Amino acid sequence: AAQEYPGNLKRQVEKLFDASLRSTVPDETGVQTEVTASLPGKPGDYQCNNAMGLWSIIKGKGTQFKGPPAVGQALLKNLPASEMVESCSVAGPGFVNVILSSKWIAKSIETMLVDGIDTWAPSLPVKRAVVDFSSPNIAKEMHVGHLRSTIIGDTLARMLEYSKVEVLRRNHVGDWGTQFGMLIEYLFEKFPDTDSVTETAIGDLQSFYKESKSKFDADPEFKEKAQKAVVRLQGGDAIYRKAWTKICDISRAEFAKVYQRLRVELEEKGESFYNPYIAKVIEELNSKGLIEESEGARVIFLEGFNIPLMVVKSDGGFNYASTDLTALWYRLNEEKAEWIVYVTDVGQQQHFSMFFKTARKAGWLPESDKTYPRVDHVGFGLVKGEDGKRFRTRSSEVVRLVDLLDEAKTRSKTALIERGKDKEWTPEELDQTAEAVGYGAVKYADLKNNRSTSYTFNFDQMLSDKGNTAVYLLYAHARICSIIRKSGKDIDELKKTGKLVLDHPEERALGLHLLRFAETVEAACANLLPHVLCEYLYELSERYTSFYSVHQVIGSAEEASRLLLCEATAIVMRKCFHLLGITPVYKI
Ligand code: ARG
């Protein structure tokens with residue numbers, strides 16, 4: 001069970017019901033307390049759903065209760081007194097509805113305003129985690145799938161970091177395949193003087209890859225050379241090693257441009273890093289009796305799969321699976337990670353299930369998949385173009401990610417200029433806002449849908465200032481900031497001295513939603529689902545709009561309290577932006 005911390009409202013309600021449950025049915029110690037947030041339109045804020053389940057356990061045991069509603073009544077009666085709770089009632093077959101005290105909600109927000117939003121951070125039962133994300137392949141293209149992995153992985157890393165987990169952000173770059181033999185030989189042919197080769201000389205590494213591939217397919221002599229080159233490279237030949245480094249460096253510089261634009265931090269430990277450990281790890285699996293011979297290759301048979309997992313190819317070489325098994329071994333034993341998260345497209349699901357299963361059979365991981373040390377494959381769907389097919393540019397080439405991000409920025413700048421912002425702002429302000437909005441739009445469009453579904457890449461939609469878009473949300477935040485500025489009040493002073501009152505229904509609904517921030521982040525983290533946080537953020541701005549459209553802030557009798565509510569909303573929005581990797585804007 002996750003630990004307790006002041007921010008998590010749901011857990012606090014749960015704690016009250018825990019106590020009530022233990023005194024209502026002292027003998028049923030194994031029963032888990034079930035508390036959920038009530039659906040909109042229902043009488044309570046939270047509800048306890050245990051009555052029916054409890055009834056089915058105790059009814060045969062000569063209980064004094066006459067049915068689930070009576071159990072619900074008892075749960076209500078035994079609830080410890082708490083300033084959190086305004087009132088309770090029992091509905092239907094024993095649901096206990098709780099209405100929270102508006103005073104208590106207000107007080108909790110006031111405390112956050114003074115102590116900071118980090119006091120609302122979840123606490124997870126893990127000290128160190130690995131998030132394996134982005135992970136493009138050297139010399140091959142970095143495609144939109146890698147962009148999705150980069151965006152989703154960064155958000156998951158941010159949520160874990162916010163929850164005080166030390167995160168090793170790993171770029172598991174594909175830098176060790178057989179393609180290197182061919183690339184290196186081609187490099188030698190085109191540039192006999194390898195030292196002088198620069199990025200500009202090679203030009204586009206993707207076309208370089210294609211050229212060498214056609215030569216490989218067409219020219220048997222070249223093919224043979226390339227195959228020998230792999231052996232020499234993997235055997236540690238200095239000249240081949242140097243050429244390999246060169247090619248990797250050029251690719252790396254290209255990837256870095258994308259990471260730098262997105263402000264995503266990653267530490268590269270590519271496939272080659274694990275090479276020195278593979279033989280030993282495979283031997284360990286062998287000594288546990290997991291490995292069998294099959295058609296010259298060495299494989300692992302697993303129940304529930306109709307093909308075995310190949311770990312040594314028939315030519316004796318290692319592959320993707322043996323590298324991943326070794327990386328897992330390294331992360332568990334050398335890096336002491338307790339939670340390892342892999343972000344790739346859903347197409348790789350089978351690979352992950354198979355090698356996770358192998359690790360369980362080897363005794364590296366517990367049998368049950370939610371216990372630590374824990375591994376998760378975070379799979380995501382395709383990015384599609386308007387034509388419903390895999391996203392490509394007009395030239396039917398793969399999309400260059402850098403161009404894509406640049407276009408998002410250019411389009412958002414154009415929109416700002418159309419609104420006359422170039423006359424109001426300095427060129428730097430214009431540029432920074434265009435960047436925050438443009439990149440934010442690309443990220444948010446990716447994150448807002450359940451990751452396992454595919455989505456259609458559409459600039460017009462993602463850059464619209466209406467609907468569930470980053471633009472709409474960033475503008476909503478900027479507007480709140482501008483209200484606070486216009487009030488002329490010193491908001492930091494107000495935080496210390498002001499009082500928050502949530503007398504009106506729209507104020508209360510907004511306040512309650514603010515308090516649900518922590519449990520939302522915790523759920524998004526536990527289930528590795530960033531869209532849960534996006535939904536929360538969108539709902540927050542909707543509730544803010546409902547509040548603002550009926551209540552005057554500046555110049556009203558409740559001005560101080562309402563400014564505090566504005567400030568708390570802005571703070572929570574900014575934390576959401578931060579967790580989603582989006583840069584907030586303050587002016588619009
Ligand atoms: N390089 C792989 C690809 O582009 C992704 C690697 C994901 N990470 C891993 N440990 N397998 O498909």
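A residue is called buried if 20 or more other C-beta atoms lie within 10 Å of its own, exposed if 12 or fewer, and partly exposed in between, with C-beta atoms placed from the backbone. The structure on display is a predicted model, in which local features need pLDDT of at least 70, side-chain atom pairs count only at pLDDT 80 or more, and totals for chains, interfaces and linings use all residues. Residues are numbered from 1 along each chain as its sequence is written.

**The whole chain**

Of its 588 residues, 41% are buried. The secondary structure comprises 23 helices and 14 strands; these are DSSP runs, numbered from the N terminus, with helices (H or I) of at least four residues and strands (E) of at least two.

Next, colour the domains, whose bounds come from an automatic or database domain assignment: domain 1 (9-100), domain 2 (128-174 + 269-381), domain 3 (179-256) and domain 4 (401-580). The centres of domain 1 and domain 2, taken over C-alpha atoms, are 43 Å apart.

**Residues 11-100**

Select residues 11-100, which an unreviewed UniProt entry lists as "domain: Arginyl tRNA synthetase N-terminal". UniProt positions are given in the numbering used here, feature names are shortened, and annotations may be inferred rather than shown by experiment. This span is 36% helix and 21% strand. Within helix H3 (residues 68-77), find Lys77. Lys77 counts as exposed because it has 12 C-beta neighbours inside 10 Å.

**The ligand and its surroundings**

Which residues are around the ligand? Select Asp132, Ser135, Pro136, Asn137, His172, Gly174, Asp324, Ala327, Tyr342 and Thr344; a residue is near a molecule if its C-beta atom, placed from the backbone, lies within 6 Å of it. Helix H12 (320-333) and strand S11 (339-345) each supply at least two residues of this shell.

Centre the view on Ser135, in the loop between S5 and helix H5 (144-162). Its phi is near 45 degrees, a positive value in a residue other than glycine. Ser135 counts as buried because 22 C-beta neighbours lie inside 10 Å.

Now select H12. The buried residues of H12 include Asp324 and Ala327, both of which also belong to the ligand shell. The buried residues of H12 pack against strand S5 (128-132), helix H11 (275-287), strand S10 (309-312), S11 and helix H13 (349-361); two residues are in contact if their C-beta atoms, placed from the backbone, lie within 7 Å.

Follow the chain to Pro373, in the loop between H13 and strand S12 (374-380). The peptide bond from Tyr372 to Pro373 is cis, with omega near -5 degrees.

Select residues 473-588, where an unreviewed UniProt entry places "domain: DALR anticodon binding". The span is 74% helix and 0% strand, and its end C-alpha atoms lie 12 Å apart.

Within it, Leu528 occupies the loop between helix H21 (517-526) and helix H22 (530-550). Leu528 has a positive phi of about 55 degrees although it is not a glycine. Is Leu528 buried or exposed? Leu528 is buried, because 21 other C-beta atoms lie within 10 Å.

Finish at helix H23 (residues 559-580), whose 22 residues should span 32 Å at 1.5 Å a residue; the end C-alpha atoms are 31 Å apart, which agrees. The expected span is 1.5 Å times one less than the number of residues. In H23, 18 of the 22 residues are buried. Gly581 follows H23 and has a positive phi, near 75 degrees.
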